[in-house]
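Please keep the sequence and the structure in view while reading.

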Amino acid sequence: MALRLLERNPGHGHPLRPECRLTPIGQEAASLAHEIQGLAQDEDRDLLRRAWTLPVLTSLHQPRFFNDLRRTLPQITDRALSKSLQSMEERQWVFRQVLPSTRPPRPLYSSINLGKRISEITAPQVLALQDGP
């Protein structure tokens, strides 16, 4: 309810056990979740359930350096971002390319394979919400 995904169903349910329904935003989120769930195999779902997987993939709609990713996700810790990127790199959802032309050499992260498809689904939705109505 705090995220405005659910609202009380007016006129229904017991006051101590209120029934809820999806708001229009909640319906969009559910549709998005269903689309992502349809792409994932059983072995991918554990990674999708982790807290930072979807926000990181959404931020990787374009290649980014670590600090740029960190700025787009202000509440993530360095450790959580690093662990998320490592686990997605192992699953081949993220590609890490070290650019020797920068001083010091810095890794550039890009979404690939299933990570890219998820990023392509989530990024337009988030960017539209950021732009506002």
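## Overall layout

Read from the N terminus, the elements of the protein follow the order β-β-α-α-α-β-α-α-β-β-α, which amounts to six helices and five strands. Helices (H or I, at least four residues) and strands (E, at least two) are taken from DSSP runs and numbered from the N terminus. The model is a predicted one, in which local features need pLDDT of at least 70 and side-chain atom pairs count only at pLDDT 80 or more, while totals for chains, interfaces and linings use all residues. Residues are numbered from 1 along each chain as its sequence is written, and side-chain values use heavy atoms, with hydrogens and water left out.

Of the 133 residues of the protein, 32% count as buried, where buried means under 20% relative accessible area, exposed means over 50%, and partly exposed lies in between (1.4 Å probe, protein chains only). The accessible surface of the protein comes to about 9100 Å², and 52% of it belongs to carbon and sulfur atoms; these areas come from the Shrake-Rupley method with a 1.4 Å probe, and for residues only the protein chains shown count as cover. Among contacts between residues at least 6 apart in sequence, 45% join residues at least 24 apart, a contact being heavy atoms within 4.5 Å.

Three strands form an open sheet in the order 3-5-4, with antiparallel pairing. Strand 3 and strand 4 stand at the edges and have a single partner strand each, so one side of each is left without a neighbour in the sheet. Two strands are said to pair if DSSP finds at least two bridges between them. Strand 3 (residues 64–65) and strand 5 pair over two bridges, and Arg64 has Tyr109 of strand 5 as its bridge partner.

Strand 4 (residues 94–99) is joined to strand 5 by six bridges, again in the antiparallel sense, and these two strands form a hairpin with six residues between them. Within this pairing, Val98 has Pro107 as its bridge partner in strand 5, while Phe95 stands opposite Ser110 of strand 5. Strand 5 (residues 106–111) is largely enclosed by the rest of the structure, because five of its six residues are buried.

## Salt bridges

A salt bridge here is a side-chain nitrogen of Lys or Arg within 4 Å of a carboxyl oxygen of Asp or Glu, and by this rule the count comes to six. One of them joins the side chains of Arg91 and Asp44 (3.6 Å, N to O). This pair links distant parts of the chain, 47 residues apart, with Arg91 in the loop between helix 5 (78–90) and strand 4, and Asp44 in the loop between helix 1 (24–39) and helix 2 (45–48). Arg91 also forms a salt bridge with Asp46, where the closest N and O atoms are 3.4 Å apart; here too the pair links distant parts of the chain, since Asp46 belongs to helix 2 and lies 45 residues from Arg91.

Another salt bridge joins Asp68 to Arg71, with the closest N and O atoms 2.6 Å apart. Because Asp68 and Arg71 are three residues apart in helix 4 (residues 66–72), about one helical turn separates them; Asp68 is partly exposed at 25% relative accessibility, and Arg71 is exposed at 60%.

Thr122 lies in helix 6 (residues 113–131) and, at 4% relative accessibility, counts as buried. Its contacts, leaving aside neighbours within four places in sequence, are with Leu32, Ile36 and Thr58.

With Thr58, the side chain of Thr122 makes a side-chain to side-chain polar contact at 2.7 Å. A polar contact is a pair of N or O atoms within 3.5 Å; within protein, one must be able to donate a hydrogen and the other to accept it, and residues adjacent in sequence count only if both atoms are side-chain atoms.
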